[in-house]
Structures are given as C-alpha cells and as structure tokens.
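User: Hi! I'm new to reading protein models. Could you walk me through this one?

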Amino acid sequence: MKKFLLLAAFVTIAATTATAQIGDKYQWEIDLGYTIGFKDTYGRINMRTVHGFRFNDYFFAGAGTGLDIYHGVPYTKSGTAGTRGQLAIPLYLNAKGYIPVAEQLKLMVGMDFGYSIGIVGKKDNSAGSTLGGILVMPEVGIGYEFYSGKMLTFGIGYSINSIKAYVKTDKTTTLSPRDSNNGFSMRFGFVF
C-alpha cells in the first residue's frame, strides 16, 4: 500500500509539473465504464484517469491509472466455496488518434497497454484468483467537443486481462498458470 501511495504522489507531482511546463498541450481525462465478462470471466466496473500530451489535433499519448472493481470472483476458504468482489489497479500507457467527422465530432481510435495489479487475493489465506496481469484494450469511440478542447467521450472496446489463480492445499499455496479475463468494454468520459 505504501508503494501505491508513493506512486500516486509521484504521478500527481509529475502531472502538475507537466501542466505548468507544456500549458495547453497537456490533456487529461476521466472515464467511467463497465466491462462485461464472457462465459467464464468476471465483469468489472472501471474508473480511470489518463494524463498526457496532445501532440496535435490528431494524436494523444499518455499514461493512466484507476480502479477496477470485479464481482463474482470464485474462491474457497476452509473448504467453503463462494464468490466475492476484488479490486485491481491498472497502470497503462494510452495512445489515441482523433479523426474529425464534423466540426465538433471526432472519431477516436485508441489502445491501452499495461499491467493490472490485484490488491485483494492470497493475503486472506484462501484459494482463488488475484486479478492482476497484462492489460491490453483496443478501443473505438466518438468525442463531442463542446468547448475549446473539452470533450464528452463514449468508447467501446475489447479488454484483455490476464489473471493469476492461487490453489490452496493443506499446507501450501501455489500459483497456477495464467488465465485470461477478457470482456467487452464500454466507457463514458470527459476530456479536459
């Protein structure tokens, strides 16, 4: 937890410094979304923020973080099976292209690539999944620019996220091979 707080403080200081140095080229956005899990995968609420540099009217690159709230994740504790919610913190790079369609409407094509850190899992001495691992999400969407670079956005994408499963026996806990937790994702956002 201390490492996460230190990382959050560093990102905040870096973002503040970047804003002061690059002025109107700095762009940040907040997103709220949901990823629908397929057959054997888990759905999740996505709350994210991205900070970066708008190179021109057509290209943006930045880094993001947030919180993913998973639900329905199976686990076993003391021989009893059940489901629970779990949290993960995604840390990723984001690249986005903008194609003007109308005066205030832009088509967006983007990609997130990074790593998701599971923050609930093996610590409670149960067998189950820790939802962290490689994170990839291609996305398409639209942005409605309503005032000087400020936009409302909507995007759909395919979220690819690997997971680790802990298998508990009487005396040991072992890590199983990685599995995937893919899903169809929808996001609403605001660009500053």
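**A first walk through the model**

Analyst: Happy to! Let's start with one detail: the side chain of Asn-94 makes a polar contact of 2.5 Å with the side chain of Asp-112. A polar contact is a pair of N or O atoms within 3.5 Å; within protein, one must be able to donate a hydrogen and the other to accept it, and residues adjacent in sequence count only if both atoms are side-chain atoms. Please keep in mind that this is a predicted model, where local features need pLDDT of at least 70 and side-chain atom pairs count only at pLDDT 80 or more, while totals for chains, interfaces and linings use all residues. Residues are numbered from 1 along each chain as its sequence is written, and side-chain values use heavy atoms, with hydrogens and water left out.

User: Is Asn-94 buried or exposed?

Analyst: Asn-94 counts as buried because its relative accessibility is 5%. The cut-offs are under 20% relative accessible area for buried, over 50% for exposed, and in between for partly exposed, with a 1.4 Å probe and protein chains only.

User: And what does Asn-94 touch, apart from residues up to four places away in sequence?

Analyst: Asn-94 touches Val-50, Phe-60, Ala-61, Gly-62, Met-111 and Asp-112. Contact here means heavy atoms within 4.5 Å. Asn-94 has its place in strand β4.

User: Which residues make up the largest nonpolar core?

Analyst: There are eight: Val-50, Phe-60, Tyr-92, Tyr-98, Met-108, Leu-135, Met-151 and Val-191. A nonpolar core is a set of buried Ala, Val, Leu, Ile, Met, Phe, Trp, Tyr and Cys residues joined through side-chain atoms within 4.5 Å. As background, nonpolar side chains tend to be buried together in soluble globular proteins.

User: What about Phe-60, what does it touch?

Analyst: Leaving out residues up to four places away in sequence, the contacts of Phe-60 include Val-50, Asn-94 and Tyr-98.

User: New topic: how many cavities of 30 Å³ or more are there?

Analyst: The count is one cavity of 30 Å³ or more, and the largest cavity has a volume of about 100 Å³. On a 1 Å grid over the protein atoms alone, a cavity is a set of points where a 1.4 Å probe fits but cannot get out, and lining residues have an atom within 4 Å of a point. Grid points are joined across faces, edges and corners, and a volume is the space filled by probe spheres set on the points.

User: What lines the largest cavity?

Analyst: Its lining has 13 residues, and Glu-29, Asp-31, Lys-96, Glu-139 and Thr-153 lie nearest the centre. Two or more lining residues come from each of β1 (26-37), β4 (80-100), β5 (105-118), β8 (150-168) and β11 (183-191). The largest share, three residues, comes from β8.

User: How many of the lining residues are nonpolar, polar and charged?

Analyst: Four are nonpolar, three polar and six charged. Here Ala, Val, Leu, Ile, Met, Phe, Trp, Tyr, Cys and Pro count as nonpolar, Asp, Glu, Lys and Arg as charged, and the others, Gly among them, as polar.

User: Can we compare two serines? Where are Ser-185 and Ser-148?

Analyst: Ser-185 lies in strand β11, and Ser-148 is in the loop between β7 (133-147) and β8. Ser-185 is buried, with a relative accessible area of 1%, whereas Ser-148 is exposed at 61%. The side chains of Ser-185 and Thr-35 are joined by a polar contact of 3.3 Å. Ser-148 has a positive phi of about 30° although it is not a glycine.

User: Last one: how far apart are Gly-33 and Asn-46?

Analyst: Gly-33 and Asn-46 are 13 residues apart in sequence and 4.9 Å apart in space, C-alpha to C-alpha. Gly-33 is in strand β1 and is buried, with a relative accessible area of 11%.

Terms used
1 Å grid on protein atoms, 1.4 Å probe; cavity = no way out; pocket = protein on both sides within 12 Å on 5 of 7 lines; lining within 4 Å. Helix = DSSP H or I, 4+ residues; strand = E, 2+ residues; numbered from the N terminus.
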